[in-house]
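Biologist: Thanks for sitting down with me. Could you walk me through this model, one question at a time?

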Amino acid sequence: MANMSVESILSSQPKREAAFQTLLQNILFGGMAGVMGTSIIFPLYTIKTNLQSGHSPNYTPTVKGVASILSVHQWKVGPVIRSIIGREGWRGFYRGLTPTLLGVAPEKAIKLSVNDFLSSILCDEHGKTSFMNSVIAGGGAGFCQVIATCPMEMLMITFQTRSSLGQPVHSVVQLVKELGLGGMYKGLMATLCRDVPFSMIFFSVNAQLKSIFQGSSEKLAISYVFLSGVGAGSLAAVLSTPMDVIKTRLQSAHSPYKGIVDCFIRTLHEDGITKFFSGSVARACIVSPLFGIALLFYELQKRLASSPKLNHI
């Protein structure tokens with residue numbers, strides 16, 4: 001048994017060394033991919049935050065239960081868009097973009113590179129990662145990314161919700177000083193409870209979709225990298241929406257909630273179960289193209305780095 005253990009350790013050493021060698025490169029690629037994706041879809045972030053925070057224009061749905069989740073009116077997208085334009089014009093859709101980009105670069109860098117790093121360690125001798133190991137790698141990536149995600153989203157949500165209340169923040173530095181380190185990590189547990197399951201679902205489903213699309217081909221077509229990201233992102237986004245609603249409410253300006261449990265109970269009592277899926281479609285519309293675009297740029301950079309010839313993409 002001891003000999004088997006030593007042999008196993010020695011045989012896995014080159015794999016670990018190769019994983020560490022590509023880690024720093026993938027961190028850079030992940031950061032750049034995250035900035036590109038977020039910049040393109042950021043207006044949808046603003047709409048989603050207003051939908052979930054409770055500061056969107058008042059509207060009383062005429063349908064209840066599951067039907068209200070599926071009702072276009074329940075999402076209140078039209079009134080939210082008109083409200084944002086009325087307050088700040090088109091610039092309002094980009095309120096909070098600066099702190100988001102400052103945070104999304106390390107957040108996506110950590111998320112994508114850590115998942116790749118763990119997957120490369122957990123793969124078999126043929127380079128294949130099992131479904132369960134994909135889940136584990138994704139969970140590890142989601143856990144690590146929260147160090148950047150929580151303060152980034154706290155700043156973004158504060159910018160957007162204060163703006164919706166007529167109290168715009170004019171400086172990132174001003175807001176950072178006001179919140180302090182503790183305030184920047186408000187909602188940390190809720191962020192963990194959202195991002196770890198999200199990443200477990202996203203990366204495992206993404207790996208399965210890529211495997212299906214690739215089939216017996218030597219290399220996955222780059223268009224399928226985008227489609228896999230969109231498909232996995234949509235599913236993970238919808239399933240993680242309830243915790244995203246709780247996290248958004250906890251981090252909103254002047255939040256009255258004492259914690260996750262208090263927020264859940266009060267939201268359920270005051271707004272009903274359907275409120276936990278408020279913004280689910282907007283969230284899916286954000287996350288699916290974001291990860292599709294981010295993974296597309298991430299994969300393109302990795303392929304270009306390994307081969308300077310464009311016809312190898």
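**A walk through the helices**

Modeller: Gladly! Buried residues, meaning those under 20% relative accessible area with a 1.4 Å probe and protein chains only (exposed is over 50%, partly exposed in between), make up 46% of the 313 residues in the protein. This is a predicted model, where local features need pLDDT of at least 70 and side-chain atom pairs count only at pLDDT 80 or more, while totals for chains, interfaces and linings use all residues. Residues are numbered from 1 along each chain as its sequence is written, and side-chain values use heavy atoms, with hydrogens and water left out.

Biologist: How many helices and strands are there in the protein?

Modeller: Helices (H or I, at least four residues) and strands (E, at least two) are DSSP runs, numbered from the N terminus. Read along the sequence, the pattern is α-α-α-α-α-α-α-α-α-α-α-α. The count is 12 helices and 0 strands.

Biologist: What share of the contacts with a separation of 6 or more comes from residues 24 or more positions apart?

Modeller: A contact here means heavy atoms within 4.5 Å. Among contacts with a separation of 6 or more, the share from residues 24 or more positions apart is 80%.

Biologist: Which residues does UniProt list as "transmembrane region", and how far apart are the end C-alpha atoms of residues 281-300?

Modeller: The unreviewed UniProt entry lists residues 27-47, 220-239 and 281-300; its positions are given in the numbering used here, feature names are shortened, and annotations may be inferred rather than shown by experiment. In the model, residues 27-47 are 100% helix and 0% strand, with end C-alpha atoms 29 Å apart. Residues 281-300 are also 100% helix and 0% strand, and their end C-alpha atoms lie apart by 28 Å.

Biologist: Which residues lie nearest the centre of the largest pocket?

Modeller: On a 1 Å grid over the protein atoms alone, a pocket is an open set of points with protein on both sides within 12 Å along at least five of seven lines, a cavity is a set where a 1.4 Å probe fits but cannot get out, and lining residues have an atom within 4 Å of a point. The largest pocket has a volume of about 1200 Å³, where volume is the space filled by probe spheres set on the points, with grid points joined across faces, edges and corners. Its lining has 34 residues, and those nearest the centre are D116, S119, G127, K210 and K302.

Biologist: Which elements give two or more residues to the lining of that largest pocket?

Modeller: By class, this lining has 11 nonpolar, 15 polar and 8 charged residues; Ala, Val, Leu, Ile, Met, Phe, Trp, Tyr, Cys and Pro count as nonpolar, Asp, Glu, Lys and Arg as charged, and the others, Gly among them, as polar. The elements giving two or more residues are α1 (2-53), α5 (97-122), α8 (188-214) and α12 (280-306).

Biologist: And which helix gives the largest share of the lining of the largest cavity?

Modeller: The search finds 1 cavity of 30 Å³ or more, with about 210 Å³ of space. Of the 23 residues lining this cavity, Y45, E153, R194, R283 and V287 are the closest to its centre, and the lining divides into 9 nonpolar, 4 polar and 10 charged residues. The largest share, 6 residues, comes from α6.

Biologist: Which residue forms a salt bridge with D244?

Modeller: A salt bridge is a side-chain nitrogen of Lys or Arg within 4 Å of a carboxyl oxygen of Asp or Glu, and the whole structure has 12 of them. For D244, the closest N and O atoms of the pair are 3.8 Å apart, and the partner is R283.

Biologist: How far apart in sequence are the parts that this pair ties together?

Modeller: D244 counts as buried at 1% relative accessibility, and R283 counts as buried at 6%. Both belong to a salt-bridge network that links E153, R194, D195, D244, K247 and R283. D244 lies in helix α10 (residues 241-251) and R283 in helix α12, so the parts tied together are apart in sequence by 39 residues.

Biologist: What is the distance between the closest N and O atoms of R303 and E299?

Modeller: R303 and E299 are 4 residues apart in helix α12, about one helical turn. E299 is buried at 15% relative accessible area, and R303 is buried at 9%. E299 also forms a salt bridge with K302, at 3.9 Å, while for R303 and E299 the distance is 2.9 Å.

Biologist: Last one: which residues does T191 touch, not counting those up to four places away in sequence?

Modeller: T191 lies in helix α8 and is buried, with a relative accessible area of 0%. Leaving out residues up to four places away, T191 touches V146, T149, C150, K247 and Q251.
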